[in-house]
Amino acid sequence: MAELDTSGGGKHKGGKIRSKKASTRIDLTAMVDLAFLLITFFIMATTLAKPKAMDTFWPDKTKKDVQLPVPETRTMTILLGSGDQLEWWVGPAGATPPTKDNFGKNGIRKALIENGKKIEATHAGPDNYMIVLVKAGDKSTYKDFVAILDELNITGIQSRAVVDITPAETALLKKDGLD
Amino acid sequence: MARIKIPRKSTAIDMTAMCDVAFLLLTFFILTAKLKQEEPLPVDTPGSTTKQLFPDVDVATVTVGHGKVFFGVEGQDIRREALTAMGTKYNITFTPEEATKFALLPTFGVPIASLKQYLGLSIEDRKKFAQPGIPVDTTNTSELFNWIHEARVADAGLRNKALRFAIKGDSHQEYPDVKKVIDIFQKQAINKFSLITSLKTQ
């Protein structure tokens, strides 16, 4: 491949003095060594996984008149507790017993999809979508908070709000051992 | 008895293909990779399925982890401008050398009162210095509030652009600590900001 045709082009008449042709084959070992050394350096010194940015939008707290009344029967409240666990219920607080759940495909994602369908089926349109309230407990981790926002993104629920937790809900988390 | 002679073959291998592959990989790594920046506060960002890339310009990052809060803004001119404004606010005069040193810091976590002392250290000593984090409370006079405010003013003045904000939180940080930073953002009517995550599959 990397060699050139070094054979002579046939015999010439009369014995001309020709310089001895050296092989053009180069020893590439050193070059390969160097290349791999550089590759190793770049692997070690750089970051390949670029950070991703999850955009979040929050209500304007400086304005007081933008609060919309939330129909309680269409809300699903999610409380984030400690140990990667959460509790959720649909409707007003205390109407249905809270369900303990965890993150992941068969946990909160399933619940979000099922409750969304249920609420859409039981309410008349056009405003029959589910509203999700996320309340992060004092012992919940940032990872869980990001995870629940991610689940809402995956399930495509746009009507959501992050609300401060109330003392009654903190007490509920404590009672259920999630605090 | 005649021995069967095995013809000796040369042990030299053709390295051309290997060399090609090595340089191809090298080119790939040089083009795709971004040099690692030294982080004074290493955090383990949580995973999410977000695919949007984090921008490199006009962005300020608040890092929350291990109970400390660090602040950093992109752009040396913005850092310098913000430092001058903070100095005026807290009655501390920074020398041009200190301002230059500060402009080279991607993130920092030192209270303004001890910032002068921190900037006076050599680079080796700075690495050993345990940065205590920027004081955060929910009042309008906390240092983080002012840093964010001055960085926004500097960015608007120098680049005429709205500074974007991002929170880089540690996975195991408790939510109330992150909430404090969010509250500071909301007080300044920063209602859109990003959470920095690493990519994870569903």
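Which residues have the most contacts inside the largest nonpolar core? They are A:Ile78, B:Leu144, B:Ala151, B:Ile167 and B:Val181, in a core of 62 residues. This is a predicted model, in which local features need pLDDT of at least 70 and side-chain atom pairs count only at pLDDT 80 or more, while totals for chains, interfaces and linings use all residues. Residues are numbered from 1 along each chain as its sequence is written, with chains lettered from A and ligands numbered from 1 in the order in which they are written.

**View 1. The nonpolar core around B:Leu144.** A nonpolar core here is a set of buried Ala, Val, Leu, Ile, Met, Phe, Trp, Tyr and Cys residues joined through C-beta atoms within 7 Å. Buried means that 20 or more other C-beta atoms lie within 10 Å of a residue's own; exposed means 12 or fewer, partly exposed is in between, and the C-beta atoms are placed from the backbone. Leaving aside residues up to four places away in sequence, B:Leu144 touches B:Val69, B:Phe71, B:Ile134, B:Val136 and B:Ile184. Touching, or being in contact, means that C-beta atoms placed from the backbone lie within 7 Å. In soluble globular proteins, nonpolar side chains tend to be buried together.

**View 2. The hairpin made by S3(B) and S4(B).** Strands (E, at least two residues) and helices (H or I, at least four) are DSSP runs numbered from the N terminus, and two strands pair if DSSP finds at least two bridges between them. S3(B), residues 59-65, and S4(B), residues 68-73, pair in the antiparallel sense over 6 bridges. Look for B:Val64 opposite B:Val69, and B:Val62 opposite B:Phe71. The hairpin has 2 residues between its strands, and B:His66 in the turn has a positive phi of about 55 degrees. S4(B) has 6 of its 6 residues buried, so the rest of the structure largely encloses it. B:Lys68, B:Phe70 and B:Gly72 point one way from S4(B), and B:Val69, B:Phe71 and B:Val73 the other way.

**View 3. S3(B) alongside S5(B).** These two strands run parallel and share 6 bridges. B:Thr61 sits opposite B:Ala166 in S5(B). S3(B) is largely enclosed by the rest of the structure, because 6 of its 7 residues are buried.

**View 4. The open sheet of chain A.** Its 5 strands come in the order S5-S4-S3-S6-S7, with mixed pairing. S5(A), residues 99-102, and S7(A), residues 160-162, stand at the edges with a single partner strand each, so one side of each has no neighbour in the sheet. From one strand to the next, the twist averages 25 degrees; axes are lines fitted to C-alpha atoms, for helices over the stretch in contact, and angles run from 0 to 180 degrees between N-to-C directions. S3(A), residues 75-80, and S6(A), residues 131-136, run parallel and are joined by 6 bridges, with A:Ile78 opposite A:Val134. Helix H3(A), residues 142-155, packs on the sheet, touching S3, S6 and S7 of chain A, and its direction makes about 155 degrees with that of S3(A).

**View 5. Where chain B meets chain A.** Here 47 residues of chain B are in contact with 43 residues of chain A. On the chain B side, H1 (16-32), S1 (34-35), S5 (164-169), H7 (175-187) and S6 (192-199) each supply at least two residues. H1(B) gives the largest share, 10 residues. That side divides into 23 nonpolar residues (Ala, Val, Leu, Ile, Met, Phe, Trp, Tyr, Cys and Pro), 7 charged (Asp, Glu, Lys and Arg) and 17 polar (the others, Gly among them). Strands cross the boundary too: S2(A), residues 52-57, runs antiparallel to S6(B), with 6 bridges joining them. One of the pairs is A:Thr56 with B:Phe193.

**View 6. Confidence along chain B.** pLDDT, the predictor's confidence in each residue from 0 to 100, averages 85 for chain B, and 97% of the residues score at least 70. Where pLDDT is low, the predicted coordinates should not be read in detail. For the complex, the predictor gives an ipTM of 0.76 and a pTM of 0.75.

Technical notes: Two residues are in contact if their C-beta atoms, placed from the backbone, lie within 7 Å.
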